[in-house]
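We'll start with the whole chain and then zoom in on a few spots.

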Amino acid sequence: MAPNLNSVKTFFVFLGKSVFALLEVLVFAIIPRPQKNVAGEIVLITGSGSGLGRLLALKFARLGSVLVLWDVSQEGNEETCKMAQEAGATGVYAYTCDCSRKEEVYRVADQVKKEVGDVSILINNAGIVTGKKFLDCPDELMEKSFDVNFKAHLWTYKAFLPAMIANDHGHLVCISSSAGLIGVNGLADLQELVVTSISLATDLTLAVGRGQRRTPRSSVKAAHWGAGSRRSGSPVPLGGSPTGTLTAALSSGRPSWPTGPCLVLWS
């Protein structure tokens with residue numbers, strides 16, 4: 001009986017937050033808020049060869065950002081690169097990188113630092129889904145999912161976070177999924193990794209914040225996509241598509257909610 005009550009409670013809490021979010025979207029659709037200029041910011045997007053990664057690249061291209069595109073597919077990444085150039089990006093640099101391989105991440109990261117500069121917005125978007133039931137999923141696929149969906153975040157954070165701390169400016173963004181909050185058949189591996197990435201974002205915020213001139217803040221209690229900022233701890237949903245939500249959150253310097261696990265440092 002207790003588990004059923006907890007499920008009902010969780011559902012109504014989620015429903016209440018969703019209604020609250022929709023109401024705030026309506027308010028902010030009428031009342032504009034100041035936007036941060038992300039033109040010239042060096043934005044690195046993993047998994048940029050297709051899907052959400054490509055959409056994010058095109059969105060930041062239109063905002064005048066310098067793009068660093070990482071993807072395991074050279075063909076897809078080069079196509080995104082061409083589309084971003086046509087969309088007006090200040091500069092576009094495409095790199096073939098398998099984010100599941102630690103040594104490759106560090107090697108390409110060093111190449112980016114030499115050829116482009118210090119990354120100021122890191123978007124960990126690359127991800128894979130096995131789509132298989134837990135007992136039907138081969139071990140090697142689970143290990144690959146763990147490498148791409150979680151461990152890659154560790155390597156990219158370690159590669160680019162030191163420069164953000166030194167410059168006292170930067171954003172770390174973790175694109176994740178609502179699958180970490182609700183049970184979905186066939187997504188057992190992804191769900192565990194989403195929860196882990198959320199915990200990492202929270203722990204990293206606390207660890208990095210010690211001794212810094214400005215304390216970073218994270219917003220990781222959302223359901224699908226989102227961002228956090230040091231400027232405000234209050235939830236502010238931005239609505240629209242995932243790309244619109246994320247870029248709006250970065251531009252406004254305010255956290256997005258309830259649209260999902262992201263970590264943003266030092267607006």
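What percentage of the 267 residues in the chain is made up of buried residues? The figure comes out at 52%. Keep in mind as you look around that this is a predicted model.

Now for the overall layout. The chain has seven helices and seven strands. Walk along the sequence and you'll read the pattern α-β-α-β-α-β-α-β-α-β-α-β-α-β. As for how the chain folds back on itself, take the contacts with a separation of 6 or more: 70% of them involve residues 24 or more positions apart.

Next, a pair of helices. Two packed helices are described by the angle between their axes and the distance between the axes. Find helix H4, which covers residues 102–115, and helix H5, which covers residues 139–167; their axes come within 10 Å and cross at roughly 25 degrees. Angles under 35 degrees count as roughly parallel, so that's the label H4 and H5 get relative to each other. The crossing of H4 past H5 is right-handed. Who's doing the touching? On the H4 side, the contact uses Lys102, Val105, Tyr106, Ala109, Val112 and Lys113, and on the H5 side it uses Trp155, Thr156, Lys158, Ala159 and Phe160. Sort those residues by class and you get seven nonpolar, one polar and three charged.

Thr130 sits in the loop that links strand S4 (121–124) to H5. Is Thr130 buried or exposed? Its relative accessibility is 18%, and the cut-off for buried is under 20%, so Thr130 counts as buried. While you're there, check Ser145: Thr130 and Ser145 are 15 residues apart in sequence, and their C-alpha atoms are 7.4 Å apart in space.

Last, the cysteines. How many disulfides does the structure hold? The count is zero. Cys99 is in no disulfide, and the nearest cysteine sulfur, belonging to Cys97, is 4.5 Å away. A disulfide would need the two sulfur atoms within 2.5 Å. Cys99 has 8% relative accessibility, so it counts as buried. Cys81 counts as buried too, because its relative accessibility is 12%.

Terms used
Residues numbered from 1 in each chain as written. Predicted model: local features only at pLDDT ≥ 70, side-chain atom pairs only at ≥ 80, totals over all residues. Heavy atoms only, no water. Axes fitted to C-alpha atoms, helices over the stretch in contact; angles between N-to-C directions. Helix = DSSP H or I, 4+ residues; strand = E, 2+ residues; numbered from the N terminus. Parallel < 35°, antiparallel > 145°, perpendicular 65-115°, else oblique. Left-handed = near helix turned anticlockwise from the far one by under 90°. Contact = heavy atoms within 4.5 Å. Nonpolar A, V, L, I, M, F, W, Y, C, P; charged D, E, K, R; others polar. Buried < 20%, exposed > 50% of the residue type's maximum accessible area, 1.4 Å probe, protein only.
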